[in-house]
Amino acid sequence: GTSARAARPDIAERRRTAMSRALSLAYSEPLHIVRGEGAYLYDADGRAFLDLVNNVAHVGHCHPRVVEAGARQMAVLNTNTRYLHASVVDYARRLAATFPDPLHVCFFVNSGSEANDLALRLARAHTGRDEVHVLDHAYHGHLTSTIGLSPYKAPPERARVTPLWELPAVDRPAAFFAEPILGCAGQVVPPPGYLSAAFEAVRAAGGLCVADEVQTGFGRVGEHFWAFELGGVVPDIVTLGKPIGNGHPLGAVVTTPEVAASFLTGMEYFNTFGGNPVSAEIGLAVLDVIEDERLQAHALAMGTRLLDGLRGLNVVDARGHGLFLGVELSSRAEAARVKEGLKARGILISTDGPNEDVLKIKPPLPLSADDCDRFLEALCDVL
Ligand code: PMP
């Protein structure tokens with residue numbers, strides 16, 4: 001049903017009037033993408049682009065098993081969690097099994113922002129305190145509460161901002177939020193020992209440690225299924241989003257029985273869409289595909305191949321783990337030029353970081369060795 005619509009040349013203009021201009025478009029000449037498959041996107045003229053941006057399409061754009069799971073369940077039943085249904089329980093158990101003890105209790109929500117908002121509520125309920133600490137340049141979501149945890153967007157009015165890589169200056173903390181590798185900050189990897197020292201300081205003062213795995217989770221970092229494992233820590237609360245549903249709006253919070261018990265305040269937790277059978281079946285299919293296609297090991301192999309190649313190029317820094325990499329260039333202008341140059345060669349990449357000078361590599365995991373080599377050649381050429 002896309003071809004008739006694809007021909008309409010006025011889509012950009014109609015978008016400007018029908019939707020908020022606060023929504024941005026990638027590229028000065030925006031792309032009109034109508035189809036996705038594996039690590040590729042296709043525009044209305046049928047041109048293929050290698051997608052190094054979309055960490056949401058974790059197991060590949062429109063993976064047939066995920067599509068089938070969603071379509072099958074949507075044709076049978078989609079309700080909230082107020083009836084018994086095996087899918088969401090199976091899914092909670094499967095998801096919890098990927099975490100170390102004692103992270104075994106799941107809450108299902110609809111986005112990464114909702115997951116972090118709920119984590120904030122859990123931490124405040126558990127500690128009876130208000131104080132929250134975040135890392136500088138962090139992004140934790142678009143809700144009123146989570147924008148307040150996101151120095152990436154605006155200086156938080158209430159959260160305390162910890163400069164990289166100082167220990168949080170805790171007083172009576174409810175929580176410390178951290179991404180195990182900071183995405184929006186420019187794919188920044190904490191120095192060895194940082195996360196465990198920060199967690200220790202927070203816990204010594206009675207606070208909870210929240211790992212935001214919205215970008216980094218589900219095997220992307222290669223060596224481990226969860227990026228917090230790279231830092232040798234076990235958080236009190238983990239928040240999940242983006243890849244968890246391969247594009248279906250799904251998010252989750254995983255915590256300990258103890259923290260979960262503190263939330264039993266007498267007020268029901270109800271989330272209309274969270275944990276519905278369609279979402280649960282999709283979440284299960286995503287876990288199946290990661291396992292059956294050995295995507296975590298693949299992310300490690302492809303990430304190593306890319307890092308080896310990147311370190312031979314004329315760049316300021318190449319860093320990251322698995323298929324969550326950053327390439328720091330010498331300026332914002334150079335990064336913008338490289339992004340356009342890659343687009344002209346059929347490769348999509350995003351830029352980020354406080355100086356907008358970092359290329360972010362976070363593709364769908366089924367990126368092939370040939371895709372990696374093609375990107376490295378194109379980048380060398382553009383540089
Ligand atoms: N946390 C992190 C680390 C993110 O990168 C994002 C989204 N970019 C969010 C939370 C918010 O997720 P969502 O947009 O699904 O609400």
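Helices (H or I, at least four residues) and strands (E, at least two) in these legends are DSSP runs, numbered from the N terminus. This is a predicted model, where local features need pLDDT of at least 70, side-chain atom pairs count only at pLDDT 80 or more, and totals for chains, interfaces and linings use all residues. Residue numbers start from 1 along each chain, as its sequence is written.

View 1. Pro-102 sits in the loop between α4 (86–96) and β4 (105–109). The peptide bond that joins Asp-101 to Pro-102 is cis, with omega about -5°. Move on to Trp-165, in the loop between β6 and β7 (173–178), and there's a cis bond from Leu-164 to Trp-165, with omega about -10°. For context, most peptide bonds are trans, and most residues other than glycine have a negative phi.

**View 2. His-137 and Lys-242, two non-glycine residues with positive phi.** His-137 belongs to the loop between β5 (131–135) and α6, and its phi is near 70°. Lys-242 has phi near 25° and lies in the loop between β9 (237–240) and β10 (251–255). Are they buried or exposed? His-137 counts as buried because it has 20 C-beta neighbours inside 10 Å, and Lys-242 counts as buried because it has 25. The cut-offs: buried takes 20 or more other C-beta atoms within 10 Å of a residue's own, exposed 12 or fewer, and partly exposed is in between, with C-beta atoms placed from the backbone.

**View 3. Pro-156 and its surroundings.** Look for Pro-156 in the loop between α6 (144–147) and β6 (160–162). Pro-156 has 17 C-beta neighbours inside 10 Å, so it counts as partly exposed. Leaving out residues up to four places away in sequence, Pro-156 touches Val-134, Gly-148, Leu-149, Ser-150, Pro-151 and Val-161. (Contact means that the C-beta atoms of two residues, placed from the backbone, lie within 7 Å.) Pro-156 and Gly-274 are 118 residues apart in sequence, and their C-alpha atoms are 28 Å apart in space.

**View 4. Where α4 meets α9.** The axes of α4 and helix α9 (residues 277–292) come within 8 Å and cross at roughly 35°. Axes here are lines fitted to C-alpha atoms, for helices over the stretch in contact, and angles run from 0 to 180 degrees between N-to-C directions. On the α4 side, the contact is made by Ser-87, Val-88, Asp-90, Tyr-91 and Arg-94; α9 brings Pro-277, Ala-280, Glu-281, Gly-283, Leu-284 and Leu-287. By class, that contact of α4 with α9 splits into 6 nonpolar, 2 polar and 3 charged residues. (Nonpolar covers Ala, Val, Leu, Ile, Met, Phe, Trp, Tyr, Cys and Pro; charged covers Asp, Glu, Lys and Arg; the others, Gly among them, are polar.)

**View 5. The shell around the ligand.** How many residues surround the ligand? There are 15, and the closest are Ser-111, Gly-112, Ser-113, Gly-141 and Val-214. Sorted by class, the shell has 3 nonpolar, 10 polar and 2 charged residues.

Technical notes
Near = placed C-beta within 6 Å.
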